Amino acid sequence: MVNQNLTATEIGFTHEDFAALLDKYDYHFSPGDVVPGTVFSIEPRGALIDIGAKTAAYIPIQEMSINRVDSPEEVLQSNETREFFILTDENEDGQLTLSIRRIEYMRAWERVRQLQAEDATVRSGVFATNRGGALVRIEGLRGFIPGSHISTRKPKEELVGEELPLKFLEVDEERNRLVLSHRRALVERKMNRLEVGEVVIGTVRGIKPYGAFIDIGGVSGLLHISEISHEHIDTPHSVFNVNDEVKVMIIDLDAERGRISLSTKQLEPEPGDMIKNRDLVYDKAEEMAAKYREQLLAKQQGATAAAASVEVVAEEEIPPAAELEEEIPPAAELEEEIPVVAEIEKEIPAATETEEEIPAAIEE
């Protein structure tokens, strides 16, 4: 029968030894690590998580999601196992603080970087506005739309709750900057239905010293002062007023920068007609635009023909196969230069001669 009254000395294993053994096999956790954990207790403002440490780790409610959480049960369930981010070192009670929000935050930035690389268009609802623009959420991250990139006639304050198509302007995790453009998204969508050389009707929405901004179906294009007329113009104000309806021709579509360039100069039957007889320019607009497209096509075909002629010249510089064959000596001449086998064999030392050169040490 085993004696149950053995002392620690007789067993040879003390409480200190046991503690040292626990330390030896204890996992080392550091802030920034992502570890699996199991929820074993949900509290009103947080939850206790078993991650294999000596003391249960804790996740406060504000670290449970990148979005607002009113109750831990919205995110976590008892006995659920998932990944957690170690936010801080152990406190005085040996307890680690965890976060889910930080994991979602890192993955959200990775996702928006991917969307920017794909030049994707995303949709998001405006949840607030300020003097500079509007605020939205993309993948849970707060994004900003500058006022200059909001293309709508509504006051900014009325945009709250409205969903907008958006393109990425800046994605910078280090500076925590996520900047988007509503204007670029609209211009890209509109550009898919527009063509260079097309005549469109628009409305003058703004006049600057360098040109007039024309609204064409909800997007803005620039009629630069140099594209108003063949004759010199001191200021666009001398030709247009705000809210004027105008006929313009598209001369450039820049989807990457979200810009549409317009012209009335190319629609003038005679130089200066935009100043002298604007109605004539509008009457002849389609006819002049057709000539512009013909000239544009001729330029493109000329450029293609020039590129093709360069390729032909390059091919002519390569001699035909027959000429190349003439430079290759006949097989008989080549054979004369190859020494006969007997001569080659004379140059190879006999095996016995070679063996004599091997040091005797190898035989040992």
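I began with the second largest pocket, whose lining has, by class, five nonpolar, two polar and three charged residues. The model I am reading is a predicted one.

I looked up the volume of this second largest pocket and found about 190 Å³. Its lining residues include Ile 66, Arg 101, Tyr 105, Trp 109, Arg 137 and Asn 176. I noted that H3 and strand S8 (141-146) each supply at least two lining residues. H3 has the largest share, with three residues.

I then turned to H3. It runs over residues 101-117, 17 residues in all, and spans 24 Å from its first C-alpha to its last, close to the 24 Å expected at 1.5 Å a residue. I listed its buried residues as Ile 103, Ala 108, Trp 109, Val 112 and Leu 115. After H3 comes Asp 119, with a positive phi near 55°.

Next I checked the largest pocket, with a volume of about 760 Å³. It is lined by 28 residues, and Arg 183, Phe 213, Val 219, Ser 220 and Gly 221 are the closest to its centre. Helix H4 (182-191) and strands S11 (199-208), S12 (211-216), S13 (219-224) and S15 (259-263) each give two or more residues to this lining. S13 gives the most, five. By class I recorded eight nonpolar, twelve polar and eight charged residues.

Last, I looked at the whole chain. It has eleven helices and 15 strands, and 32% of its 364 residues are buried.

Conventions: Residues are numbered from 1 along each chain as its sequence is written. This is a predicted model: local features need pLDDT of at least 70, side-chain atom pairs count only at pLDDT 80 or more; totals for chains, interfaces and linings use all residues. Side-chain values use heavy atoms; hydrogens and water are left out. Helices (H or I, at least four residues) and strands (E, at least two) are DSSP runs, numbered from the N terminus. Buried means under 20% relative accessible area, exposed over 50%, partly exposed in between (1.4 Å probe, protein chains only). The expected span of a helix is 1.5 Å times one less than its number of residues. On a 1 Å grid over the protein atoms alone, a cavity is a set of points where a 1.4 Å probe fits but cannot get out, and a pocket is an open set with protein on both sides within 12 Å along at least five of seven lines; lining residues have an atom within 4 Å of a point. Grid points are joined across faces, edges and corners, and a volume is the space filled by probe spheres set on the points. Ala, Val, Leu, Ile, Met, Phe, Trp, Tyr, Cys and Pro count as nonpolar, Asp, Glu, Lys and Arg as charged, and the others, Gly among them, as polar.
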